[in-house]
Amino acid sequence: MQHPVLQEESSIIILIVQFMLFEGTITADTFDNRITRLFGIKYPIIQAGMIWASGWRLAAAVSRAGGLGIIGAGSMYPDILRENIQKYKQACDQPFAVNLPLLYPDIEQLVCIIIEEKVPIVFTSAGNPKTWTAKLKEKGITVVHVVSSAKFAKKCEDAGVDAVVAEGFEAGGHNGREETTTLCLIPNVRQAINIPLIAAGGIATGRAMYAMMALGAEGVQMGSRFVCTEEASSHRAFKEAVVAAHEGDTVLALKQLTPVRLIKNAFYQKVHEAETKGADVTELEALLGHRRAKLGMFEGNMEEGELEIGQVSSIINDIKPAGDVVKEVWEEFTETAAHPFKY
Ligand SMILES: Cc1cc2nc3c(=O)[nH]c(=O)nc-3n(C[C@H](O)[C@H](O)[C@H](O)COP(=O)(O)O)c2cc1C
């Protein structure tokens, strides 16, 4: 039995933790806040939608572990998306989402599939949230939009989305032009909106999750960490390159087109040389071509491919089952909540 004074201390700690976690209530093995309620999940840990990485296998592994798995439609033809949704449903009965980059050429077809297949949640990105939110919500779908500024977060709230992902400039994949870091972005967005807020960019541990929740986020979305899992469809060579990456090995490139954070490889060097010589958008588009991302991240060409990954790659040291990532992040989060200053 615990000493009465210790018991009192523990209750005070629990109260403080509850206060700090933005309406969240933490218990031994679950969490209750607006994000877990909105998605019907156990932990507010979201696996990002990622081209060439997040198919049904990864999404199902994450959702089975109590997080939210997302199928990334950005690298899928419509029939491949349908197949992924159907395979997910056969593998797992937990909630899941589809990430839909809105500038995708087959967008209308993809939206039809999402509606026909009764996908419960959609994370839209790279486009105007006004275009599709009302139509998706009419069909009972929960809509979340990804932003990189407080101004755009407010526009999303006005467009009627249910929640926002605010993604800082350390993130893997396409980034905002303002280059706002997650640490600065989250408090700004928190002040700008009242709807639930998910933090993304540079998060791979429970400690980072705790820091984001202390800044006003109600959940976290992790991309790079989930690339390095057994279930991600990324090429093994890409996963190993991410594990091997050190501080300073990624860079925000192609700012004239769409800024994207990449590992510095031979392809990046060509982009860098072209940009230094003053290449225009047409020249950069020609250099990028159509298959660079697939070539690198899916087919494993580490020199000529486009390798999208975040700064947090420098602290990712292993490839493991996605369920273990969810479990470890959650355990470290609760441990940090109980002892925030113990390291
Ligand atoms: C390999 C890779 C592919 C990505 N593809 C997409 C995508 O298709 N759509 C999207 O909205 N975001 C995409 N992102 C961004 C992620 O959804 C996520 O917000 C980001 O990875 C979070 O930052 P982190 O990598 O530091 O965890 C991608 C990120 C990575 C690493």
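In this predicted model, eight strands form an open sheet with parallel pairing, in the order β3-β11-β10-β8-β7-β6-β5-β4. Strands of a sheet pair through backbone hydrogen bonds, and the pairing can be parallel or antiparallel. At the edges stand β3 (45-47) and β4 (69-72); each has a single partner strand, so one side of each is left without a neighbour in the sheet. From one strand to the next, the twist averages 25°.

One pair inside this order can be followed in detail. Strand β6 (residues 121-125) pairs with strand β7 (residues 142-147) in the parallel sense, over four bridges. F123 has V144 in β7 as its bridge partner.

Helices pack on the sheet as well. Helix α4 (residues 78-91) touches β4 and β5 (96-101), and the direction of α4 makes about 165° with that of β5. Helix α7 (residues 150-159) touches β7 and β8 (163-167); the angle between the directions of α7 and β7 is about 165°.

Now turn to the ligand. Which residues are the closest to the ligand? They are N99, S125, E167, G202 and S224, out of 19 residues that surround the ligand. This shell divides into seven nonpolar, ten polar and two charged residues.

An N or O atom in the side chain of E167 is 2.6 Å from a ligand oxygen. A polar backbone atom of G172 is 3.2 Å from an oxygen atom of the ligand, and for a backbone N or O atom of G201 the distance to a ligand oxygen is 3.5 Å. On its own the ligand has 600 Å² of accessible area, and the protein covers 95% of this.

Conventions
Residues are numbered from 1 along each chain as its sequence is written. This is a predicted model: local features need pLDDT of at least 70, side-chain atom pairs count only at pLDDT 80 or more; totals for chains, interfaces and linings use all residues. Side-chain values use heavy atoms; hydrogens and water are left out. A residue is near a molecule or strand if one of its heavy atoms lies within 4 Å of it. A polar contact is a pair of N or O atoms within 3.5 Å; within protein, one must be able to donate a hydrogen and the other to accept it, and residues adjacent in sequence count only if both atoms are side-chain atoms. Accessible areas come from the Shrake-Rupley method with a 1.4 Å probe; for residues, only the protein chains shown count as cover. Ala, Val, Leu, Ile, Met, Phe, Trp, Tyr, Cys and Pro count as nonpolar, Asp, Glu, Lys and Arg as charged, and the others, Gly among them, as polar. Two strands pair if DSSP finds at least two bridges between them. Helices (H or I, at least four residues) and strands (E, at least two) are DSSP runs, numbered from the N terminus. Axes are lines fitted to C-alpha atoms, for helices over the stretch in contact, and angles run from 0 to 180 degrees between N-to-C directions. Contact means heavy atoms within 4.5 Å.
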